[in-house]
Amino acid sequence: MHLDEKIWLFLSFGMIMIFMIFTGYQAVALEMGPPSHKETIDPQKVDQTAPFDNPGIKQIGENEYEVVMTLQIFSFTPMDIEVPAGSTVHFTLTSKDVTHGFQVANTNINAMVMPGHIQKISQKFDKPGKYLVLCNEYCGAGHQAMSTTITVK
Amino acid sequence: MQTALKTTSIKQKTNQALGVNLEDARISKSYLAVAFIAVLLGGLLGLVQGLNRAGVLTLPAWANYYQVLTAHGLLLVVVFSAFFTIGYFYAGLSHTLGGLLPKVRKIAWVGFWTKIVGFVLVVIPVLMNEASVMYTFYPPMAAHPMFYFGLVLIVLGVWALSVGAFMQVAHWRKNHKGQHLPIMAFFATGVFILLVGATAFVAVEVLFLIIPWVLGWTDGINVMLSRTLFWAFGHTAVNIWYLTAVSAWYVVIPKIIGGHRWSDLLTRMVVIPLVIMNITGGFHHQIVDPAISEGIKYMHVFMSLAIGFPSLMTAYALFRVFERTARQKGGTGFIGWFKKMPWGDVRFLSPFIAMVAFIPAGAGGIVQSTNQLDQVVHNTMWIVGHFHLTLGMSVVMTFFGISYWLIPYLSKRVLTPNMNKVGVVQTIIWTVGMVIMAISMHIAGLFGSPRRTSFTTYGDFAEQLGWNPLMAAVGIGATLLLIAVILQVYAVFNMMFFAPKGETEFPIAEEEPGAAKTPYWTERWGVWVVLMLLVISMAYVIPIVDMIVNAPPGSPPFKTW
């Protein structure tokens, strides 16, 4: 093996390890791990199961809100949420039918929402404006129409 | 020893004198013909989608976007790639292992027709809009049962071909004790092992979870489990097509540029880890899924990134081969030797661009396998841009480059200078189209534009988020790509049936003179398969048991399109 090949392989290995270390540091120390909530629900009884029997937005602290939301073809419940700028919003999500995706453009909100499983993701909204919420997993003929908004005032 | 030498030289002489075995050639030609018909149809459907997303084409009522997208994905990721891979490696096995055994030939035909019948069964419900479920067919979306029966037949066909390849290799090894498997057959062995391993997962998903459920024998399906089994297959499949392209980079390209192969030992040491570690890579498609703990996801970042290492070895090896060959031809300077490469030869140009494309493609892959970065781009157009670089450039352009010698070799014809020019033009158009498309898709994805979504403006959000010009560029890219596809398919069928008769060689580069002998341990396939199974168990046993034990009540089937 040539010296330059050894250097290249060392750099390759080092780069992969650096990616590992950063990912681990962000996930553990900065609590930026990907949405991975583990809780199940009967997908055919979502409307009768708390908290999804009462979907909506609720203030749970100063600048802190909880949104309980169901996703179904081809809408979100509740639609058109409003929160004050600077608030942190905790989303609790599940699907009433097929697999959906929950994405808010211009934020890092991106999570799979599957029937039978409850998914959670949080985001702090600092900049006022209207944010696009969309389903990013193909869910049927009206998938492109499945969107709503979050207004930050 | 003397007899061994004699038989090889006799075999080489017969190969040279007779060229390809005609019966073996017919097998490979059939596979390649199907592959390129699939490219033509898939490319046409790709244009339809590109123009739809650019906002210039409204689809008629009888063909919805999702139906078209399902067909595009299946035709290109499943039909084209699989048929090309099989046709190419069966030609390689026939050429380097002294002709296919009669029973292997029979198996190849049985596999061919099983796969064709399977595809017809898949295509009928897709055409009837009864299976607009995409390449991934995630339950609880449920297609017509015929779709899944077709998938089962396709998998059975793949298994038949794999068994055929293993029999061929085992037969050779029995008669050549202590010798290393010729390098092309070594790659083929790795590819067919991975094909069996990957399709085993999807077979379990379809046979034991989906079919009983769509037939109404079970009430609900485990959505997470099916999705996880799918990705163990879905990601490995595309990596198999990549490994096929890599085989040509290591074995064929050095010969075409008039050089020698890279170190035989290191080449084999790239194949072995790619086989051992590949299947576990599928988990990075599930980074933002519920029901998988962060710890497991973190372990899988490592498992996915580890696959990057052999690719980085490959990058070094190939450019080193280019440099060495060019310097032998009198190239000088730090990068001046580049001028000595055969740029006008499509058999080199197309795979070379494919390799260059793998630099950004591989880097993007590393980004996506990393948890927090994936969360930014998951299910956006970024991903679509990524696999148009990896598959649409690195794999497809290598396959196209191969076709310019493989097809004349099989049909006992030659590549004429004119056809070479067609190939060069085709390569340039394809490159420009794919670069425009892939870059626009990556950027649109960063701006939040979702994948697998027909034309929509989301009110005025598309304008505000800056997606519109990018999606228009995708439409332009798709148009160029279709022009290139038409040229390519014309070239393929011309070389198969009309080009001037003559002998074309199957280019396999030799090792450097005086190269060190490769130790025999590289040939211990039994060990590599056991290691592969261990790595798979390490990755999958805990999460899959968790998904079964802690499963929610199952979901009923839905038809939402």
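Which glycine, with a positive phi, follows α15(B)? The residue is B:Gly448, and its phi is near 100°. The model is predicted; local features are reported only at pLDDT of at least 70, side-chain atom pairs count only at pLDDT 80 or more, and totals for chains, interfaces and linings use all residues. Residues are numbered from 1 along each chain as its sequence is written, while chains are lettered from A and ligands numbered from 1 in the order in which they are written.

Helices (H or I, at least four residues) and strands (E, at least two) are DSSP runs, numbered from the N terminus. Helix α15(B) has 30 residues, and its end C-alpha atoms are 43 Å apart. At 1.5 Å a residue the span should be 44 Å, so the two values agree. The expected span of a helix is 1.5 Å times one less than its number of residues. Beyond this helix, the loop between α15 (417-446) and α16 (461-464) of chain B holds B:Arg452. B:Arg452 is not a glycine, yet its phi is positive, about 50°. Most residues other than glycine have a negative phi, and most peptide bonds are trans. B:Arg452 counts as buried because it has 23 C-beta neighbours inside 10 Å. A residue is buried if 20 or more other C-beta atoms lie within 10 Å of its own, exposed if 12 or fewer, and partly exposed in between; C-beta atoms are placed from the backbone.

Chain A is divided into domain 1 (1-33) and domain 2 (46-152). Domain bounds come from an automatic or database domain assignment. The centres of the two domains, taken over C-alpha atoms, are separated by 35 Å. In the unreviewed UniProt entry, the annotation "transmembrane region" covers residues 7-28 of chain A. UniProt positions are given in the numbering used here, feature names are shortened, and annotations may be inferred rather than shown by experiment. That span is 100% helix and 0% strand, with its end C-alpha atoms 31 Å apart.

A:Glu31 lies in the loop between α1 (3-28) and β1 (56-61) of chain A. Its phi is positive, about 50°, although A:Glu31 is not a glycine. A:Glu31 is exposed, because 9 other C-beta atoms lie within 10 Å. Chain A also has cis peptide bonds. One runs from A:Ile73 to A:Phe74, with omega near -15°. A:Phe74 sits in the loop between β2 (64-72) and β3 (75-77). Another joins A:Thr77 and A:Pro78, with omega about 0°. A:Pro78 is found in the loop between β3 and β4 (81-83).

The contact between the chains takes 54 residues from chain A and 51 residues from chain B. Two residues are in contact if their C-beta atoms, placed from the backbone, lie within 7 Å. On the side of chain A that touches chain B, the largest share, twelve residues, comes from α1(A). The residues of this side divide into 26 nonpolar, 23 polar and five charged. Ala, Val, Leu, Ile, Met, Phe, Trp, Tyr, Cys and Pro count as nonpolar, Asp, Glu, Lys and Arg as charged, and the others, Gly among them, as polar.

B:Gly330 follows α11(B), with a positive phi near 100°.
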